[in-house]
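Please look over the sequence and the model below before reading on.

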Amino acid sequence: MSHMPLSRLGGLALRQLLRDVRASEVRVLFFALLVAVAASTAIGYFGARLNGAMQLRASEFLGADLVLQGSAPAREQQLDAGKALGLRHAHVVEFTSVVGGDNGIQLSSVKAADGAYPLRGQVRSAPAPYAEETPGGGPAPGEVWVEPRLLAALGLAIGDSIDVGMKTLRMSRVLTYEPDRANNFYSLTPRVMMNLADLEATGVIQPGSRVTYRDLWRGDAEALAQYRHTVEKDLAANQRLRDTRDGNQQIGGALGKAERYLNMASLVAVLLAGVAVALSASRYAARRLDASALLRCLGLSRHQALGLYCLQLAMLGLVAALAGALLGWLAQLGLFRLLHGLLPSVVPAGGIIPALAGIGTGLVALAGFALPPIAALGQVPPLRVLRRDLLPIPASSWLVYGAALLALGLIMWRLSLDLLLTFALLGGGLVAALLLGGLLLLGLRSLRQLLAGAPLTWRLGLGQLLRHPMAAAGQALAFGLILLAMALVALLRAELLDTWQAQLPKDAPNHFALNILPDDRELFIQHLHQVNAASAPLYPVTPGRLVQINEKPVQQVVSKDSAGERAVQRDLSLTWAAELPEGNVLTAGSWWQALPADNDIPGVSVEAQLASSLKLQMGDLLTFDIGGQQRQARVSSLRNVHWDSFQPNFYMIFQPGTLQGLPTTYLTSFYLAPGHDLDVVALSRAFPAVTILQVDALLDQLRSILAQVTLAVEYVLLFVLAAGLAVLFAGLQATLDERIRQGALLRALGAARPLLVKARRIEFGLLGAASGLLAAVGCELITWVLYRYAFDLQWSPHPWLLVLPLTGALLVGGAGVLGTRRALNASPLAVLREA
Amino acid sequence: MSPSILVAQNLSKVVPSAEGDLTILHALSLDLAQGDSLAIVGASGSGKSTLLGLLAGLDRPSAGKVMLAGHDLGPLDEDQRARVRAEHVGFVFQSFQLLDSLNALENVMLPLELDGRRDAREQARTLLERVGLGKRLSHTPRQLSGGEQQRVAIARAFAAQPAVLFADEPTGNLVSHTGERISDLLFELNKERGTTLVLVTHDERLARRCRRQIRLDAGRLVAPMEAR
């Protein structure tokens, strides 16, 4: 036996495992792993595929999957790289130009697109203003599609011609919707869309013209990633790559939150897996202490005994993980089938990664959590065969558990790629567990004194917990973690939905009105009242560019390709306000209470993210170029702005009375119930200079994306709940042996069945209530961290979490009584013999 | 007389306790020949099981020396002693120590499988038939009575054909007539296979069936080892 080859050890392990299948703890361990891997695989697939589908929807807002944008045409090799990868390509050139008709001229933003545009989504157009729109197509060479306001401005009709540069083009249709217009619906100039083939003939593009070239790409994720990788490293100074993330702030925000939520749900599944595996593995090990001692007596060395059990576990883990991954894959397949009508027609397949991640998760959880108890099996003194009380010397369990936590942390990080989230969950969970476990232990100990005078049922029920306070605290902690995980996921779901709903209420503004002249202001407000439109305040706007920070040119301050750089390359909409706009939250400084004194430099409130990108500090001196005039202001406060609301939002808000004497127009947003299209027409006729933009389509699209995200979140919650419940039962199973034996003994001593049922209810009920209390406190601790740092949500206490102790008592109590009824119903003799 | 198979010289065991060091075995010596049988008797706590553990190499003495089948156990570490046990030693325990998840046949096969024997199944079956359990091969320990479980344990102990069989209260958990049958079986096999038998027991009748007996009292040898 001294030179037992690995193959013999492996064969032995396999035979032992096959025989061990009869043992309940092996089945529980297998089941726990199966559930854990299935849950994380299913969530992984669900998340990945749904995310893919949502990205697809979101990509409509870009008109493509990826856009290479620059102020000069893309280089040949940049285009060749995309084509070589088999990506589909469309080319768009945008510029601002004066277009002329017979009655006048109008500054317009012209878009010249080739036949392939758009690669995602569709352009919509109508034969006449306010006529029924049809999707698809684009202007043919020699034609343009224009926005109705251009027709109004020039006094022309469809069928008339306009001059773009040196080329005369016929206006063939009214342009009603461009998928990628969402990026820029504040645009002040009407859109003219023409065919790229006509561009050269216009002669508009000259060296030095301000032109945006956009190369649109569409393809599978891998090719896109490769393209990004190839092109990213030598982007010219004027070029940048955009994808769905930065295509639209509203969508980006919702997607980001949903993704974080899905990631968190799979982290919770990992946590549940860990708890389940730890519970069943420690029972597995405890039940093999004798066997291990015997094997040592029979001559197996420590390493061989350890190897034998490790091999058994590895085999078990592998089979369970593979079966779990298959089950998880099938589960998500079923789910998508179920949701067939609700989801976008094209849902990407998801690939092999979620399955591999699920398997890896299960195996690492097994290794991490089962290794410490199994390592103890290798340390059992063989003398235990003579003296049952001899337990293995606890190996450096801190080291082993530390390694387990590290491994788990790595998986979590790998899943979420979010260090903060991982630390919040792992660290928060750990701190909460230690803190609450200690408190629980103290509580149990002090309960002992109270118990002396209690009735028999209470002494029996509690006695079970008090006999091994450490074990009882451990169990409460384990159940508590499960409840905590489930509560956390449920809580975040509710918060996310609330946030989204608040962000897009039914009466979210669906129109923007721009270019309201100061003289028209009062009249316009009156008109809005007449048509029952719910309107945001009217904000004065004057376009201006940030040119200096602390009297240094901004170009020297901002880093390349940052949000700050993009903001200083164009005119910003500058406004002033006496009150902090609704939905804005100050993060630094204070809001002004009065007008600035005559010779003071006025204050300006800067949007916080832009401020950080521009490295602005409170008190910094900003210089703006506004229509050729230089104006200075000092940073007096920073604000958080909800870009995903449909209210007018501003990067820069000045102190009132500081932009006087500058050309100003007003803008606002308002909600008009559906079916009032004629009112909009009337409004635009009454105020021809005012630009009214309908954002219904954008809102609808956003709402449908949010609906899908919500659905995903709800289904994921369901998965986590199911996994949690399964794990809860597995955990209870792991503690039942001892109780069954005890119950049988009491029955044998003549205890009546109702007494035992009552005692058991008390025991499990208390255990559940304690777990629930732990979960409630832990949940508050973790959400505080998560809300603050990961989800950007406002934290306030959640009193309803106090139902958790009750839930725990009912759940654990019910499951406990249910699980032990075998001991109550069977003949005590039979149970004793079996035990 | 055949050569010595088990020799103990001045064997002592001292364990630390709250009241200072506690000596549970005092300088004990013995010498057993191949095929011999020895009963260790004494009251509870007299050091019987401690002595058994030391002789079988399950534990290490505080002083003194054990020679088992020609191996000096003193300098060997736990794994090396495990190797000696695998080659030369069998065990029977008071609590049977069968693996719950294995049936009777598989329990007996275990030491043979550990040894890599291809005929494990046949050997185990033969042994179980020998102990009268030929029809209970697929029963798990829970489905067997105490006497039957102990017979499985004996079959397992003899499976590896050990030179020395250590038995710790082999009839302790059994009613008297079952115990009687178990001890018959032990001595029959002892004789058939020439195994040396060392047993710890409370049972005077069982002790008397051994060729030699020693009595321990508070870790000291009070009745010397004599041939019957």
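In which kind of crossing does helix 3 of chain A pass helix 6 of chain A? The crossing is right-handed, a term used if the near helix is turned clockwise from the far one by less than a right angle, anticlockwise being left-handed. The contact involves A:Gln78, A:Ala81 and A:Gly82 of helix 3 of chain A and A:Tyr227, A:Thr230 and A:Val231 of helix 6 of chain A; two residues are in contact if their C-beta atoms, placed from the backbone, lie within 7 Å.

This is a predicted model, in which local features need pLDDT of at least 70 and side-chain atom pairs count only at pLDDT 80 or more, while totals for chains, interfaces and linings use all residues. Residues are numbered from 1 along each chain as its sequence is written, and chains are lettered from A and ligands numbered from 1 in the order in which they are written.

Chain A contains 25 helices and 23 strands; helices (H or I, at least four residues) and strands (E, at least two) are DSSP runs, numbered from the N terminus. Of the 835 residues in chain A, 46% are buried, that is, 20 or more other C-beta atoms lie within 10 Å of their own C-beta atom, placed from the backbone.

Chain A also touches chain B: 24 residues of chain A are in contact with 26 residues of chain B. On the chain B side, helix 1 (48-55), helix 2 (78-88) and helix 3 (104-114) each give two or more residues. Helix 2 of chain B provides the largest share, six residues.

Terms used
A residue is buried if 20 or more other C-beta atoms lie within 10 Å of its own, exposed if 12 or fewer, and partly exposed in between; C-beta atoms are placed from the backbone.
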